[in-house]
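Biologist: I'd like to learn how to read helix packing and strand pairing in a model. Could we go through it together?

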Amino acid sequence: MPALTRFRAQLLCAVVAGMVYVGVLGHDWAGDDVPIIATNVAAHSISGATSAFFSPYWPGDVTISGQHRPLVMLSYAVDWTLSNGTPAWFHFVNLLIHAGATVLFVSVALAWLPLPGATVAGLTFAVHPVHVEAVANVVGRAEVLVALGVFACMLAARHYRTAVTPRARAGWLSVVLVSLLASLFVKEHAVIVVAVVLLDELLDSNGNPRRSAMLYASILAVTFGWLYLWTAIAGQFVSLAEAATIRGLSTGERLATMFPAQLDVVRLLVFPLDLAADYNPQVIPRRTEWSTLATTGLLTTTAIVTLGVAVWRKAPAIAFGILFAIMSYAPTSNLVFSSGIVLAERNLYLAVVATAMVIGWLFSHSFETIPGRSGLRALVVGSIATLLVVYAVRTVTRVPFWRDSDNVLLMDYAEHSENYRARLRLGRFYRNAGNLPAALTEAITAGAIFPEDPWVAQYSVVRALDLGLPDVAFAEAQRAYNIEPTHASFARLVVRARFAQGELDSAAAVARRSIVAAPDSPIAMWTYTQVLDSLGASRWQRHLAQARFDFLEGRLGNASARIDSGLATVPPDLARPPECWELTQTIPVLRALKPDAADTFQLLLRSATPECRSFSAGGLRAP
Amino acid sequence: MLTRSVVVKSMASAMSPRQPRLIDYGPQLVGLFVFVLALWAQVGDAFVGRFMGDGLNLVLAKALARGDGMLLIHFPDAVPARWIHPLYPFVISLVGKVWPTFPDNLVLIQILDSAFLGVAAWIVSLHVRRLDFSPLYALTAVALGFSSASILSLSVSAFAEPLLLVLAAGAVLLADRKGLSRWTAAASGLLAGASMLTGNIGVFVVVGVVTAFALQKRVGFAVVAAVVATIVVIPWLAWTIRVADPTGLAAVAVESARQAGELDGVISWQGLGPLVNLLLPSLPRWMMFVAGPIAAGFFGVGLLSVFRTAPALVIVVSTCIMGAWLHPAVVPRNEWILFPWFVVLLAIGASRSWGYARQTRIPVFLAFVVLSVAYVPRTAVSVASRQYAASLVGQNDFLRRLFLSINVELPEDAVIASDAEAMVHLYTGRLVIPARSDFSRTYCNAGVTHVARTNLPVPGAIDDELIRAMGSSVSTVFSLTDGPSLYHFTCPR
């Protein structure tokens, strides 16, 4: 039997990493692959990807995800150019990158583990079932690529620290910085590089942190520069993309929700047999009060952190694995700050390092400390082997889940029907199939499962109106409106439902209230102008409302002209309350464009009837 | 008699490399600090171009990125920008090539300018670390000098000064290098020449570097540096001579630049004034007359103190100040790049004065405290609250409305006359000429269809009098109260 060398160990891990994912080669696009790759022109040519280099990751107007990943998009474009858009090629490249990341991980692990231990750690990393989502779903490439980049940075930083000549140090510094910048353009997670490189150095007993000041200054400079760019391109949308589970929660409530979820994280890293593509409610429920489960999650998290620190000297491999995993998972843990995802298996791609290092350490430790007790050693080795086989089998059996979009949708629904998003996706599936009643049923069920998400009404109201069920539409719209009464989109749903019911006055009242609640919202103003048209309001009212809409949209010339037309026909004696309201709402625009007219009509308002004025002061009728 | 252990220890210490101290990495840390501070100081959503110089830099960068050359493409007949130094527009045109979408790509220019400041701080720190002073003291002075709100504000708009500072600092660092070679002298000349391509004050960097070599009796190096610098700038000078035919709209552009202070026609006599103003922003006027000479005194002592170890630094800084004193085209902003050196030399001068005699320590200490109190707290507050950006951001809403209206309501081929022509062009893409009092001739020749009044306090601003003078030639499209206005223009019959 040939001796185990570093190269053979890496080759073995790479081959195993590829073998367990061979099944993906027959897969089609699945889930987010479709909007991000299959129907996204930026992913179809290299010139398209470079043109969109400084655009958010998600195509079109979906900028709320707060992501900027131009190099991932460029990799898709290269794949598309090479394969003419064949999904199998994309999957093959994902598989290769996973194998590459596994090879680099073995090199990283070799700093603290002997070769057999690092090999076992590498095999664990290769076959861990939590990786399936990242590897088998093409858009999971961002996770795998950033892992490759982070490992490359760590290895290059090690070379930098041990390089003797200034030229070699400059060379390795360049490699670190190029890898870092590339990683940052792959996924935001690469911000952890400075922390993991420091962790790597601190755990290295031969290291001298002071020697690496130039390294850290450079890494920080690149990271800050990227952060500034990212904030300008996509970062501003992060707050809008808060995960539905924790949206609107206070810090305490968020922690009450997320500490129980840490138990799921631990379970996924240790015994990941039950997997899910989506952890939205009620897979992970929203909790507004502290619970026993939250306490258990807190204690477990604390114990893991403590273990990572406690074994710093005795078992640096475990310390590195645990602390590295914490650093990699922290940005999306929702414990430090809110993120756009409550929990996703793909985000645990790097965190698997903890499991791999612990298993690798156990393997090598069983040979070092129990040399005379071959039975015990056999038990440990046998257990590890069994665990790896279980991991591999689960990975192989999980891969078909990601076969295509329909399979993901249906299987996810079958496995986790308590997930309201799965219900919504099924509803869209029914709608596309022409089964509107079933689509409406699923949308209403989704709302019942997780009533805190008002956006569900966007589906249920439209489906109900399509089916000619205005009362159902109104109930759904009202539910959303009650959750976020200042959001013009939900007010618009209520207006549409009220119109369908024939309640025109109520529709107008809601439209007016929406303008008061969101005075800068073009949606609210647009809705109101449509209401006035439908009501057959007087010409001057429509002119002034349209002028306000033009003003909001920046058409100042139009607004100015419409004000002139509208004001010329304002009746001298305002009697009807909506007329006073109309003029009152227009006063700020008049102040900006026609200050003299503003004064004149302010006087006119003062001479109006008390009833008229009280309406304008906020006496809006409830819907 | 040496014992065996002592010999072994001394041999070991001689053979093993010296363990670096944290202060050895001071220049990198100062560079990082200034870079991060400059990034933090950015005002992401402020409109650029209102200072004319920044607007013209961006228009030229756009033209260069499109392959049009050094032309002011916002004019109906593009005008060669012969009075603008080309290197900075060229550098930011590379940004325009990789990311053509304005104003989104401003973020890259901001990062670039912040990086220039960071690199400049690093280079200046490398330089002052060589001086015979406490490195911590000198590096702190560098960090303080670069923390000035005015210096940071240079990177907020698209000004050439951060790049100019990098080039000048690099030229000076190389000229002061020990073990100088002809290659080093050539590199110094190259950077000095490049600084001349970047800003007015660059010419004094060239003069300073060459003079420094000559005064050290290194005539060969002086010749090398001068020749290289000349070779660098000759193509640009030749081009400016070739296109020097300011007639028609070119004359309008030159006049516009003159109004904006780019080409002041008189000697400014500013000297140390702008630097002292940056140092003592919060002192009452009468105290300025006391503290100013003290600062100048410390600065003078500092110059003399480092002349032996850094002759090029002393000569370049002195030459630049002298030049700024006398040169008609140097505006205070150009001189600001000297401020970090000014603070360092002042600090060194104070340190020297402290050690000169025991009797002078108390007045020196008091003077140093006065200067520090005048500079540090005000600077900290100004930077922390981004006070320098208040006027920029204050006009944001109005300008946004003006540009939005032009974009959605005017035809693509509209020609606009405006008092912020570069900015209006950048944000609307329309052809724009400067506002003029002789409107009937200039506007009609240029085919002006609209007049945009920004209501900004800029040189040559359109006022009510000019609008009234236009009479029936203009009709109001809209006029925002206390804000910009847009008029439709027709040629008078």
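Biologist: Which residues of H24(A) meet residues of H25(A)?

Modeller: Keep in mind that this model is predicted. On the H24(A) side, look for Pro522(A), Met525(A), Trp526(A), Tyr528(A), Thr529(A), Leu532(A) and Asp533(A). Their partners in H25(A) include Ala545(A), Phe549(A) and Leu552(A), along with Arg542(A) and Arg548(A). The residues of this contact divide into eight nonpolar, three polar and four charged.

Biologist: At what angle do the axes of H24(A) and H25(A) cross?

Modeller: Follow each helix from its N to its C end. The axes of H24(A), residues 522–535, and H25(A), residues 539–553, cross at roughly 160° and come within 9 Å. Angles over 145 degrees count as roughly antiparallel, so H24(A) is roughly antiparallel to H25(A). Their crossing is left-handed.

Biologist: Now the strands, please. Do E3(B) and E4(B) run parallel or antiparallel?

Modeller: Let's start with the general idea: in a regular strand, side chains alternate between the two faces of the sheet. In chain B, E3(B), residues 415–418, runs parallel to E4(B), residues 431–434, and four bridges join them. Ser418(B), for instance, stands opposite Pro434(B) in E4(B).

Biologist: Through which helix does the chain cross from E3(B) to E4(B)?

Modeller: The path goes through H21(B), residues 421–428, making a β-α-β crossover that is right-handed.

Biologist: Which residue in E5(B) is the bridge partner of Ile416(B)?

Modeller: That partner is His450(B). E5(B), residues 450–453, runs parallel to E3(B), and three bridges join the two strands.

Conventions:
Residues are numbered from 1 along each chain as its sequence is written. Chains are lettered from A and ligands numbered from 1 in the order in which they are written. This is a predicted model: local features need pLDDT of at least 70, side-chain atom pairs count only at pLDDT 80 or more; totals for chains, interfaces and linings use all residues. Two strands pair if DSSP finds at least two bridges between them. A crossover is right-handed if, with the strands pointing away from the viewer, the path from the first strand over the helix to the second runs clockwise. Axes are lines fitted to C-alpha atoms, for helices over the stretch in contact, and angles run from 0 to 180 degrees between N-to-C directions. Angles under 35 degrees count as roughly parallel, over 145 as roughly antiparallel, 65 to 115 as roughly perpendicular and the rest as oblique. A crossing is left-handed if the near helix is turned anticlockwise from the far one by less than a right angle, and right-handed if clockwise. Two residues are in contact if their C-beta atoms, placed from the backbone, lie within 7 Å. Ala, Val, Leu, Ile, Met, Phe, Trp, Tyr, Cys and Pro count as nonpolar, Asp, Glu, Lys and Arg as charged, and the others, Gly among them, as polar.
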